[in-house]
Amino acid sequence: MIQIAVMGYGTVGSGVVEVLNTNQSSIDKRAGEAIHVKYVLDLRDFPGDPVESVLVHDFETIVQDPEIRIVVEVMGGVEPAYTFTKRCLEAGKSVCTSNKELVARHGAELLELARERNLNYLFEASVGGGIPIIRPLNSSLTADEITEITGILNGTTNYILSKMSHEGIGFETALKDAQAKGYAERNPEADVEGYDACRKIAILTSLVSGRQVDFEDIYTEGITKITAEDIQYAKKMGRAVKLLATSKKEEGRFFAMVAPFLINELHPLYSVNDVFNAIFAKGNVLGDVMFYGSGAGKLPTASAVVADVVDAAKHLHRSIMTFWSSQKMELADISNAKRRFFVRVKGDSKKDAIKMAEIFGPIEVVKVNLAGEFGFVTGEYTEAEYQERASRTDAVINRIRMEG
């Protein structure tokens, strides 16, 4: 029997216990031994909950118990999760986590610590929730050099943008609906400002590049400035607005960013709607591959954590996870990245369109039934070139990057 401990009995932690109880026999069979939850750590009490019999409030109970071989860390945040995880690894216990913030900040160090001790630090659930992406990148796609990873990595923002598109409503109305359905937190900043997706693309870029990518270095732009009017223009062009987290290798360097993009129906992520997530990867041998599914939620995320527990149980004395160097990778400056832009501007006369063409070069005008404004698509410019041209006019209402 393999004894494990679960640190944190919130949404994901309770889901881990539920998944283990629901599928106990098949999980034990795949692990090769029975997996038993000996402790659940939380500061709170849960009167009447079956977990009450194994609930502990002191971390020392877990770290000092030699029977505990695997620890599930689903506390969230950096501290005390970092300290607890590090001590567990130092005590000879493998750790499985869904904590994207911790992996993004300290992943290199914790992976190295696990490798030195023939342990595992596994974090499948930290990026795609229930979507398997870390494991394929770690094992199945090792023969490839990954040149691009682009994903819809946040279910909350994807639901909001889908709602705005399907119903023609504004951002604030769609956000309130997402909160009412439990898809968005009371304070949705991490989701709607793109910070959640940023940490996830930092982890993926670190994994495929082999070097530490600090999420603070990734240009990040959320969806709070996307309006119902922007959606009207998108529909007119046969496009959809998606918050994409993308990392591309060009000339030996990675560009990484998180921002809303207008994508066409030929893009593999075009039809990914509601709370679903998807991750598109391009390899120099395999070509294109996409992973799709529930990117968040209690049971999908818990399922990914339990899959890591099974992997850790099958490899108790062998580290299976690719690690990346703690040496920081300098990302390429996105100001040099080239793309087209969709721009909304004030004015609606032919003279206004000519003026914009004088500033932005050849443009494709897009009109919808909105008085006093029009939109247009630029030619291909670097980010820096676009900014310089846009600075010549005060007519710009909004701009969205184009992909494909």
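1. Asp274 is partly exposed because its relative accessibility is 34%; buried means under 20% relative accessible area, exposed over 50%, and partly exposed in between, with a 1.4 Å probe and protein chains only. Asp274 belongs to the loop between S11 and strand S12 (276-283). Helices (H or I, at least four residues) and strands (E, at least two) are DSSP runs, numbered from the N terminus. The phi of Asp274 is near 55 degrees, which is positive although the residue is not glycine.

2. **Basis of the note.** This is a predicted model, in which local features need pLDDT of at least 70 and side-chain atom pairs count only at pLDDT 80 or more, while totals for chains, interfaces and linings use all residues. Residues are numbered from 1 along each chain as its sequence is written, and side-chain values use heavy atoms, with hydrogens and water left out.

3. **Other backbone features.** Most residues other than glycine have a negative phi, and most peptide bonds are trans. Asn118, a residue other than glycine, also has a positive phi, near 55 degrees. Asn118 sits in the loop between H5 and strand S6 (121-122) and, with a relative accessible area of 43%, is partly exposed. A cis peptide bond runs from Glu79 to Pro80, with omega near 5 degrees; Pro80 is in the loop between strand S4 (68-73) and helix H4 (81-90).

4. **Overall form.** The protein has 15 helices and 20 strands. For 404 residues, a compact globule would have a radius of gyration near 22 Å, and the value of 23 Å for the protein agrees with this. That radius is taken over C-alpha atoms, and the globule rule is 2.2 Å times the number of residues to the power 0.38. Along the principal axes, the C-alpha atoms fill a box of roughly 80 × 45 × 30 Å.

5. Of the 404 residues, 55% count as buried. The protein exposes about 17500 Å², of which carbon and sulfur atoms supply 48%; accessible areas come from the Shrake-Rupley method with a 1.4 Å probe, and for residues only the protein chains shown count as cover. Among contacts (heavy atoms within 4.5 Å) between residues at least 6 apart in sequence, 73% join residues at least 24 apart.

6. **Two buried helix residues.** Thr157 lies in helix H8 and counts as buried because its relative accessibility is 1%. Leaving aside neighbours within four places in sequence, Thr157 is in contact with Asp191, Val192, Ile223 and Leu243. Ala228, in helix H12, is buried at 18% relative accessibility. Ala228 and Met164 are 64 residues apart in sequence, yet their C-alpha atoms are 6.6 Å apart in space. Not counting residues up to four places away, Ala228 touches Met164, Gly168, Ile169 and Gly170.

7. **The largest pocket.** On a 1 Å grid over the protein atoms alone, a cavity is a set of points where a 1.4 Å probe fits but cannot get out; a pocket is an open set with protein on both sides within 12 Å along at least five of seven lines, and lining residues have an atom within 4 Å of a point. Grid points are joined across faces, edges and corners, and a volume is the space filled by probe spheres set on the points. The largest pocket has a volume of about 1400 Å³. Its lining comprises 47 residues, of which Thr11, Val12, Lys100, Glu185 and Asp196 lie nearest the centre.

8. **The second largest pocket.** This pocket holds about 290 Å³ of space. Among its 16 lining residues, Lys248, Lys338, Arg339, Met402 and Glu403 lie nearest its centre. S11 gives the most to this lining, with four residues.

9. **The cavity.** How many cavities of 30 Å³ or more does the structure hold? There is one, and the largest cavity has a volume of about 40 Å³. Helix H5 (residues 100-116) gives the most to its lining, with three residues. By class, the lining has six nonpolar, three polar and one charged residues; Ala, Val, Leu, Ile, Met, Phe, Trp, Tyr, Cys and Pro count as nonpolar, Asp, Glu, Lys and Arg as charged, and the others, Gly among them, as polar.
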